[in-house]
Each structure stands twice: as structure tokens, then as C-alpha cells.
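Open the model in your viewer and keep the selection tool ready.

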Amino acid sequence: MQRTLEELLVELCAPTLAGVKPANLFRCPDSPELFRSIYEWNERLRGSGLRIRVVKRCRRTDACLIYVCRWDWICRVLSQKETKKFLKTAGYDVTKGAESIICQLSRRLCVQQDFPHEIGVFLGYPLQDVIGFIQNKGQNYSCCGHWKCYGDAEEAQKQFDKFNRCTAYYKRMYRRGVPLMQMIVAA
């Protein structure tokens, strides 16, 4: 049985829905109902400062990559001086704002054979860890959880634990019948 978008949001995006992480990305099967559901959830969540969008649609695998973000938070991340400098060196035009930068990421996801590792910035991973991952080709990390850490392993582990507790709580509440909209933390 195919899970609903609502179930996927609870299971895979709880830290973003709770306001403890700026964004999540997940893969789900492509279907005509998916786009209708994304539109409906996007409308419901917009008032809470959340946005949902398809950033990649793959006809070969019949799957989509769904990006869920706290819009104001991700705009702040993408407008930070060091982040803009990093993205510019990665070939992004950073002069037109967050929407344009996310569209550029989406194009890269669709046309590049390799996964663009700068995506960590778009998910709220520490810039030091994103750069470390790229420079070390995913090796030599100090700890691994929701991402590979090359900086402060203790702080990263605290974040991983927070995200895991948040997800467990959201899943437990959802199983008890609490509607997702009641669990959303407004921006």
C-alpha cells in the first residue's frame, strides 16, 4: 500500500514541521495524485511558513524528490555571506534571491548525473560540513547521522538526537490520531 503525502511528511519531515530544521528532502513515487496533494498541502502549510515543492521528477524511476522548507529560514540561510560565496563558487547565480537559487538546484538535480553535494546547504547542514563532505569525497568524517560531520561532532550529535526525538514524537502523536496540522509549529 502506498503511503499518503501526509504520512510521508510526518515520517520524513518532522524536524522541519516542528521548526527545529529549515528543510527536508525525500523521495516518493510519482503519481497524478501526488501533484494534487502537494498543491493542497502547500496551501494548508503556507500560513505556517512552510513550502513544499517537487525539485526533481524522474520518469526513468517514476519517482519525485520533494523539498519541504521553512521559507523564511531557508531564505536567511541562502542569503548568508559565506553561503552565497560558496554557492557562487559552485556555479550558482546568487544575485536573484532564494527562489532563483532553489530553481537552479532543481535544474542541477534534473540534469547532472551526480548528486549535487551542495544540497546540504539547502537542508540546513552546517556549511563547514557541506564543504568538508565535498573536499573529502564523503570520507574522513568525525561522525555521521543525518549528515556527515566534519566540524563539531558533539554539536552535530546533539542535532541528530534532537531530530530523532522529534520524528519519534511526531510519529507517535500521528498514530494516536493527532492531525498533522495540529502538530505544525508556526513560523
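Start with two helices: the crossing of α4 and α7 is left-handed (the near helix is turned anticlockwise from the far one by less than a right angle). Select E82, T83 and F86 of α4, then L127, V130, I131 and I134 of α7; these residues make the contact (heavy atoms within 4.5 Å). They divide into five nonpolar, one polar and one charged.

This is a predicted model, where local features need pLDDT of at least 70, side-chain atom pairs count only at pLDDT 80 or more, and totals for chains, interfaces and linings use all residues. Residues are numbered from 1 along each chain as its sequence is written, and side-chain values use heavy atoms, leaving out hydrogens and water.

Next, select strand β3, residues 63-70. Is β3 enclosed or open, and why? Eight of its eight residues are buried, so β3 is largely enclosed by the rest of the structure (buried means under 20% relative accessible area, with a 1.4 Å probe and protein chains only). Color A63, L65, Y67 and C69: they point one way from β3. C64, I66, V68 and R70 point the other way. In a regular strand the side chains alternate between the two faces of the sheet.

Zoom in on A63. P29 stands opposite A63, and A63 is also the bridge partner of C58.

Last stop: D30, in the loop between β1 and α2. At 19% relative accessibility, D30 counts as buried. Among the residues it touches are F35, R57 and D62.

Technical notes. Helix = DSSP H or I, 4+ residues; strand = E, 2+ residues; numbered from the N terminus. Nonpolar A, V, L, I, M, F, W, Y, C, P; charged D, E, K, R; others polar. Buried < 20%, exposed > 50% of the residue type's maximum accessible area, 1.4 Å probe, protein only. Pairing = 2+ DSSP bridges. Lists of a residue's contacts leave out its neighbours within four places in sequence.
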